[in-house]
Amino acid sequence: MRYLDQWMEELKQCAATNIHWSLIDGKSFFITGATGGIGKYLVALLLFRNEYFNGNIRITITGRSEEKYKRRFADILQMFSAADSLEFLEQDLMQPLNEGIRSDYIIHLASNTHPRLYAQDPIGTEMTNILGTYHLLKSMRTGSRFFFGSSGDIYGDNRSDKLYIDENDCGYINCNTLRAGYIEGKRAGEALCQAFKEAEHINFVIGRLCRAYGHTMQLEDSKAISQFVLKAVKQEDVVLKSAGNQIFSYLHIADIVRAILVILTDGTNGEAYNIADKNQAVSLKKLAETLADISGNKVVMEVPDQQEQKGASDFQSVILNSEKLENIGWKPLYQLKEGLLSTVDMLRLKIQ
């Protein structure tokens, strides 16, 4: 139980930060992608609110596999007696929903999010962000608020002389690649939100997420940071599959979830917000070295396989400016080294 006890303390700390719970308590949530690392943490935080503060928050999560839901949520169902406020709906977002969504808040996080899946399921990668978003927007009721989980990748590679990427910037993207399906799908999803705002008067906000890490991440994920963390957890050499000069923004999942809730309650209708901390950007090589140091091992080089190469990003610099998010009341709980240490420690406890 040590892992669950520590997670409970972490949730307690998150819940005590600047979140407008008065706009969340008593509301209903419809969450896609809840079996992912971010979605799972979000559900846990809402259930924590129910358990200890009588939040009376009702949560419906969707997925294509009830078996995966039961496996991924076994620990959460063990943690909270108030889990009866959680409902699972088996739904393929490629298909229209049978009924309209009557929830107050709709959070769309479903997406293929790592390189190997981009190559294995390129159509699903793109269409979950386009067709899936369309089906959700089409099913919304008047008065609901929609959160679209976008990505910092939509900016492309920063080839300007600016260090930070603001919400109105746009870099370079080669749209004629397999990897572009993910990026263009996110861009099209954002455009759909704007189209529905104009035509159907929906209320929406967008969060452009940086690269995430945390103990709810799925360790079969082929993203570099996920594999670095897994090696550190197992106390093995960290494998780097490039020169590692690429610089990206990183953020602990707990801080991403807090940002989602702040944007949901305090963000301006129709606006996009970078979910990142501009002070937490690092090269891939430095990230690998940090996790190797945590594990007491070294960084080794390895050539990526063909599928990894197909789905890999060729961006060299994507550092997101976080000022717009900070201006509506968010600030991070974790700095990068602290967050990585906590993640490795928690995952070691989890797999014991």
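How many bridges join strand E6 (residues 203-209) to E10, and which way do the two run? There are 4 bridges, and the strands run parallel. Before going on, some ground rules. This is a predicted model, where local features need pLDDT of at least 70 and side-chain atom pairs count only at pLDDT 80 or more, while totals for chains, interfaces and linings use all residues. Residues are numbered from 1 along each chain as its sequence is written, and side-chain values use heavy atoms, with hydrogens and water left out.

Let's start with the sheet. It is open, with 7 strands in the order E3-E2-E1-E4-E5-E6-E10, and the pairing is parallel. Strands (E, at least two residues) and helices (H or I, at least four) are DSSP runs, numbered from the N terminus. Two strands pair if DSSP finds at least two bridges between them. At the edges sit strand E3 (86-90) and strand E10 (272-275), each pairing on one side only. On average, neighbouring strands are turned by 20° against each other, direction ignored.

Now some partners. Isoleucine 206 stands opposite alanine 272 in E10. Strand E1 (residues 28-32) is joined to E4 by 4 bridges. There, isoleucine 31 faces isoleucine 107 in E4. Another 4 bridges link E4 to E5. Histidine 108 has phenylalanine 148 in E5 as its bridge partner.

Stay with strand E4 (residues 105-108). Tyr105 and Ile107 point one way, Ile106 and His108 the other, and all are buried. Buried means under 20% relative accessible area, exposed means over 50%, and partly exposed is in between (1.4 Å probe, protein chains only).

Next, the cores. A nonpolar core is a set of buried Ala, Val, Leu, Ile, Met, Phe, Trp, Tyr and Cys residues joined through side-chain atoms within 4.5 Å. The largest has 89 residues, and Trp7, Phe29, Ile31, Leu46, Ile61 and Leu291 have the most contacts inside it. Helix H9 (residues 253-266) gives the most to this core, with 10 residues. Leucine 46 touches residues including Trp21, Phe29, Ile31 and Leu261, leaving aside those up to four places away in sequence. Contact here means heavy atoms within 4.5 Å.

On to charges. How many salt bridges does a search of the whole structure find? It finds 14. A salt bridge is a side-chain nitrogen of Lys or Arg within 4 Å of a carboxyl oxygen of Asp or Glu.

Take aspartate 75 and lysine 40, with their closest N and O atoms 3.1 Å apart. Aspartate 75 lies in helix H4 (residues 74-79) and lysine 40 in helix H2 (residues 37-53), so the pair ties together parts that are 35 residues apart in sequence. Are these two residues buried or exposed? Both are buried.

Arginine 258 bridges to aspartate 255, with the closest N and O atoms 2.6 Å apart. They are separated by about one helical turn, because they are 3 residues apart in helix H9. Arginine 258 counts as buried, at 4% relative accessibility. Aspartate 255 is buried too, at 0%.

Last pair: lysine 162 and aspartate 169, with the closest N and O atoms 2.7 Å apart. Lysine 162 is partly exposed, at 35% relative accessibility. Aspartate 169 is partly exposed as well, at 26%. Lys162, Asp166 and Asp169 are linked in a network of salt bridges.

Note on methods
Axes fitted to C-alpha atoms, helices over the stretch in contact; angles between N-to-C directions.
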